[in-house]
Amino acid sequence: MKKLAIIPGDGIGPEVIAEGLRVLDWFRQRRGIEFELWQLDLGAERYLRDGTTFPDEVRDEIWSSCAGVLLGALGDARVPDFEHARQILFGMRMGFDLYANVRPIRALTDALVPLRGRSARDVDFVVFRENTEGIYAGVGGQLRRGSPDEIAINEDINTRKGVERIIRAAFAYARRHGRTRVLMSDKSNAMRHAHELWQRVFALVRLDYPEIEASHLYIDALCLELVRDPSQFQVIVTNNLFGDIVTDLGAALSGGLGLAASVSSNPDYPQRVKLFEPVHGSAPKLVGLATANPLATLLSVCLLFEELGFASAALELETAIKGTLEAHETTPDLGGTSSTSQVTDAVLARLRQGSSA
Ligand SMILES: NC(=O)c1ccc[n+]([C@@H]2O[C@H](COP(=O)([O-])OP(=O)(O)OC[C@H]3O[C@@H](n4cnc5c(N)ncnc54)[C@H](O)[C@@H]3O)[C@@H](O)[C@H]2O)c1
């Protein structure tokens, strides 16, 4: 039986993960898709209680025994330097070498697309964000801190290996999924050393995928084009920082953070542990109000099913989510009046209807 580590985390994390677990339980009971669930008490509460962030033995056991991790969100104002969040998130991303952060940007209904004259058909692409290096690698420092002469530096780390494997992963995904276009985005006109490497590697890798149209846009132009005409994009590959930003823009094109899901994996080793998480954070202002949208988590469960070999369950769940959105049974972020658990109730009702049809 496949084992899943569950890390509800902080803020609304536990609220949305509870809904994800209800859905997993439905698939266990009705479809026989059984996972061994391993609940982990990690996050701000634990850190404030006893200083624990991401113990080595937990990391080692996830690595050796889990097929996936389902994570809610991390971030709590009581831990202002994000120490626990950094240790846990980076501990998994870097520690398990989960270099491909894949974020599907797909509008499930027309009403979710905020652009005039555009429909769901126009918003359907996938972003491959490099997840282990770039400016998030943590290389840098501060000099003369607090003085008027202070200097603060973060280095942008781009390795040949790191750049090549994420670009290859994007092309391989396009080939596997019948997508015909891959776009690479950088800022090589300004970041002439680091991003010129992306240019060179992209030019080489594309030769191995002659059937796929390869193109390039600077990140600023990409942001503009995504709003002007998102239908031109199928697969986008970019670095850690730009991927972080452009996927929030993508979320806005497809219904907002309440619907954005992600998976981080190492495509070179498909059997290794994968990290599934909603893109949103811990949304402290929503905690306890029962208004957090659980659908980003349920869509992360869809990705989990897809990646762990249960494609028909993924489709079944996505269809139920789509039906729920079409019926406007949504939380307030999408204009509805349903509570967090009522949205899941609506999804589960559709799953039951679908299975009795
Ligand atoms: N991967 C992660 O765990 C992650 C990602 C982003 C931010 N964070 C952390 O989360 C904390 C809050 O950050 P933030 O406010 O910038 O980002 P956030 O994603 O928590 O919230 C941004 C906005 O989106 C809304 N929102 C987010 N998720 C929602 C949901 N499920 N349903 C309805 N509305 C939702 C919130 O109300 C808020 O207005 C910070 O500590 C930050 O560091 C963590």
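**Sheet, packing helices and salt bridges in a predicted model**

The model is a predicted one, in which local features need pLDDT of at least 70 and side-chain atom pairs count only at pLDDT 80 or more, while totals for chains, interfaces and linings use all residues. Residues are numbered from 1 along each chain as its sequence is written, and side-chain values use heavy atoms, with hydrogens and water left out.

Strand 5 and strand 10 pair in the parallel sense over four bridges; strands count as paired if DSSP finds at least two bridges between them. Strands (E, at least two residues) and helices (H or I, at least four residues) are DSSP runs, numbered from the N terminus. Strand 4 (residues 100-106) also pairs with strand 5, here in the antiparallel sense over seven bridges, and Arg103 stands opposite Val127 in strand 5. Six of the seven residues of strand 5 are buried, so this strand is largely enclosed by the rest of the structure. Buried means under 20% relative accessible area, exposed over 50%, and partly exposed in between (1.4 Å probe, protein chains only).

These strands belong to an open sheet of 10 strands with mixed pairing and the order 2-1-3-12-11-4-5-10-8-9. Strand 2 (35-39) and strand 9 (213-218) are the edge strands, each pairing on one side only. From one strand to the next, the twist averages 20°; axes are lines fitted to C-alpha atoms, for helices over the stretch in contact, and angles run from 0 to 180 degrees between N-to-C directions. Helix 1 (residues 13-31) packs on the sheet, where it touches strand 1 (2-9), strand 2 and strand 3, and its direction makes about 150° with that of strand 1. Contact here means heavy atoms within 4.5 Å. Helix 7 (residues 219-228) likewise packs on the sheet, touching strand 5 (124-130), strand 8 (181-186), strand 9 and strand 10 (235-238), with its direction at about 105° to that of strand 9.

Two loop residues deserve a look. Tyr136 sits in the loop between strand 5 and strand 6 (140-143) and is partly exposed, at 21% relative accessibility. Leaving aside neighbours within four places in sequence, Tyr136 is in contact with Phe90, Met94, Arg129, Asn240, Leu241 and Asp244. Thr53, in the loop between helix 2 (44-50) and helix 3 (56-65), counts as buried at 14% relative accessibility. With neighbours within four places in sequence again left aside, its contacts are Leu42, Tyr47, His84, Gln87 and Ile88.

Turning to charged pairs, the count comes to 28 salt bridges, each defined as a side-chain nitrogen of Lys or Arg within 4 Å of a carboxyl oxygen of Asp or Glu. Asp124 forms one with Arg179, the closest N and O atoms being 3.1 Å apart. Asp124 lies in strand 5 and Arg179 in the loop between helix 5 (160-176) and strand 8, so the pair ties together parts that are 55 residues apart in sequence. Asp124 is partly exposed at 30% relative accessibility, whereas Arg179 is buried at 18%. Another salt bridge links Asp208 and Arg168, with closest N and O atoms 2.9 Å apart. Asp208 lies in the loop between helix 6 (194-205) and strand 9, and Arg168 in helix 5, so this pair ties together parts 40 residues apart in sequence. Salt bridges that share partners join Arg160, Glu164, Arg168 and Asp208 into one network.
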